[in-house]
Amino acid sequence: MKLIKFFFKKIKSNLKKNRFQQFIVLLGLTFFISMNILNLHLVNAQQIPDDSKEAMLSKNMLKMEQRLEKEYEDYFQRDIVNSEKSSLEISAILAKLDQQTGTNSAVIWVTPEEKYLHLVYLTKSGKIIVKDIEDASFNKLTQTVKDFYTEINQINNPINLTQAQQLYEWIIKPYQEEFLDKDNINNLLFCLENGVRLLPLVALHDGNNFLIEKYNITRIPAFNLIIPQYQSLKNPQVLAMGASNFPDQDPLPAVTLELENIMKRLQNNYHISSSRSSEVLLNEEFTLSNMQKQLQGNSFNIIHLATHANFNQGNPNNSYIQFWDQKLTLDKMASFPWQTAPDLLVLSACNTAFGDRNAELGFTGVALQSGVKSALGSLWSVSDLGTFALITEFYEQLINQSAQNLTKTQALRKAQNLLLQEKIYFQDNRLITPHGNIELPETLGLKGKITLSHPFYWGGFTLISNPW
């Protein structure tokens with residue numbers, strides 16, 4: 001303060017001097033005051049207590065979740081959430097579910113901003129870690145995602161992993177050593193926002209391995225929009241439906257095989273009891289009215305739909321699941337007559353309009369809109385036989401292969417890794433798996449060895465909402 005008074009005296013004493021001298025004095029005073037104000041801000045920032053910082057971060061997280069909730073409520077044109085959870089409540093839920101399932105979970109919110117990428121990280125410890133990636137502007141990030149999406153949809157050998165590694169650098173690496181490795185995280189829940197919602201997360205690459213080789217991966221619309229409960233699916237009741245031919249859609253010739261092998265997985269499960277039953281509705285029987293009849297008298301754990309599911313641009317009524325006789329549009333899915341909400345809805349032949357915000361909201365919000373705890377779908381139209389291979393192994397892992405109960409995301413990860421490692425492949429009209437071979441119809445005409453290690457075959461499959 002003494003120096004400031006000194007400068008004011010100098011101003012008065014130089015009022016009668018030339019204008020240049022006045023300018024020099026005023027410039028010095030302005031610089032000095034500015035530096036002192038900046039220093040004051042730095043001191044105040046350093047003096048903010050940690051608990052106040054956490055309170056501020058928790059408040060910002062709640063606002064972020066509220067914004068996400070409103071985005072889905074506006075898209076689906078209905079109220080969705082009646083209660084909201086704080087960061088401490090989310091952490092407590094993670095701790096409880098990790099204890100029940102033997103997982104170690106973290107949630108990562110990925111928010112592209114105009115000039116940077118905003119990341120938020122939370123585990124059961126309750127500490128919120130924020131990272132802003134200045135190198136990843138919105139245009140740069142979304143173009144990289146687009147290029148990655150284009151690359152992974154082509155079965156190039158070898159695959160160009162440039163974009164997969166760049167996206168890993170931006171999204172995963174900021175947390176890798178200090179948090180993910182240190183906390184022994186193995187279960188990642190990603191909340192992705194506009195521009196990255198359809199990012200094939202499992203195929204991000206660290207230079208040595210794909211992300212799916214290290215983590216169970218799920219995408220969520222928002223944490224407050226999922227049903228955070230765990231129930232074992234070792235002994236499920238399944239309603240499996242689908243069609244191999246359609247009046248105005250491309251055929252899905254492997255659907256019959258897919259449904260037959262789901263039933264075989266159930267029959268091989270020695271835990272299954274005679275009091276529990278599963279149903280199959282195929283082709284002409286695969287109608288919306290038949291499905292509704294089944295739902296009226298039964299509570300199914302899994303609803304499996306081996307049919308076209310298209311998430312298109314525009315309103316929810318433009319997106320649909322194809323039944324034999326009609327399309328069930330996304331806006332009507334909220335009226336499913338569940339006895340109790342199924343644990344899992346499987347859509348084994350999805351296709352989503354990449355790059356369209358509404359199509360992305362429809363896909364990531366399908367579990368929310370249908371009222372199920374989790375949904376399994378594909379980001380792009382995977383080959384019919386590739387889908388058959390992965391879905392068959394997913395059910396094998398979920399129902400039969402583990403002495404301890406696997407979560408849905410663990411079962412999916414194991415299936416994806418078996419395809420990646422070429423332990424599941426086609427050989428002369430047979431599907432070769434570690435659990436036995438499956439004979440295929442001669443009409444398929446498969447010759448020689450056909451591997452499924454390229455990310456095209458497994459990278460599009462993703463679990464939505466509850467990973468447990």
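The model is a predicted one.

**Aromatic pairs**

A pair of aromatic rings is described by the distance of the centres and the angle of the planes. The count in this model comes to 12 aromatic pairs. One of them joins tyrosine 121 and tyrosine 175, which are stacked, with 4.8 Å from centre to centre and 20° between the planes. Tyrosine 121 belongs to strand S2 (residues 117-123), whereas tyrosine 175 lies in the loop between helix H6 (162-171) and helix H7 (176-181), so this pair ties together parts that are 54 residues apart in sequence. Tyrosine 175 also pairs with phenylalanine 179, here in an edge-to-face arrangement with 6.1 Å between the centres and 65° between the planes. Through these ring pairs Tyr121, Tyr175 and Phe179 are linked into a cluster.

Tyrosine 121 counts as buried because its relative accessibility, 1%, falls under the 20% cut-off. Tyrosine 175 is likewise buried, at 0% relative accessibility. Phenylalanine 179 has a relative accessible area of 13% and is buried.

**Charges over rings**

| Charged residue | Ring | Distance from charged end to ring centre |
|---|---|---|
| Lysine 327 | Tyrosine 320 | 5.0 Å |
| Lysine 449 | Tyrosine 425 | 4.5 Å |

In the former, the charged end of lysine 327 sits over the ring of tyrosine 320. In the latter, the charged end of lysine 449 sits over the ring of tyrosine 425.

Rolling a probe the size of a water molecule over the atoms shows where empty space is left. The model has 1 cavity of 30 Å³ or more. The largest cavity holds about 40 Å³ of space. Its lining is made up of Pro200, Leu201, Val202, Ile217, Arg219, Leu379, Gly459, Phe461 and Thr462. At least two residues of this lining come from each of strand S5 (216-220) and strand S17 (461-465). By class, the lining of the largest cavity comprises 6 nonpolar, 2 polar and 1 charged residues.

Which residues of helix H9 (residues 288-297) are buried? They include Leu288, Met291, Gln294 and Leu295. These residues lie on the same side of H9, because they cover an arc of only 120° around the axis. The exposed residues Lys293, Gln296 and Gly297 are carried on the face of H9 turned away from its buried side.

**Backbone features**

Most residues other than glycine have a negative phi, and most peptide bonds are trans. The peptide bond from asparagine 157 to proline 158, however, is cis, with omega near 5°. Proline 158 is located in the loop between helix H5 (138-152) and H6.

Positive phi values occur at two asparagines. For asparagine 184, phi is near 55°, and this residue is placed in the loop between H7 and strand S4 (187-192). Asparagine 184 is exposed, with a relative accessible area of 57%. For asparagine 283, phi is near 50°. Asparagine 283 is found in the loop between strand S7 (279-282) and H9. At 17% relative accessibility, asparagine 283 is buried, because the value is under 20%.

How values were computed. Residues numbered from 1 in each chain as written. Predicted model: local features only at pLDDT ≥ 70, side-chain atom pairs only at ≥ 80, totals over all residues. Heavy atoms only, no water. Phe/Tyr/Trp six-rings, centres within 6.5 Å; stacked < 30°, edge-to-face > 60°. Helix = DSSP H or I, 4+ residues; strand = E, 2+ residues; numbered from the N terminus. Buried < 20%, exposed > 50% of the residue type's maximum accessible area, 1.4 Å probe, protein only. Lys NZ or Arg CZ within 6 Å of the ring centre and 35° of its normal. 1 Å grid on protein atoms, 1.4 Å probe; cavity = no way out; pocket = protein on both sides within 12 Å on 5 of 7 lines; lining within 4 Å. Points joined across faces, edges and corners; volume = space filled by probe spheres on them. Nonpolar A, V, L, I, M, F, W, Y, C, P; charged D, E, K, R; others polar. Arc of directions from axis to C-beta.
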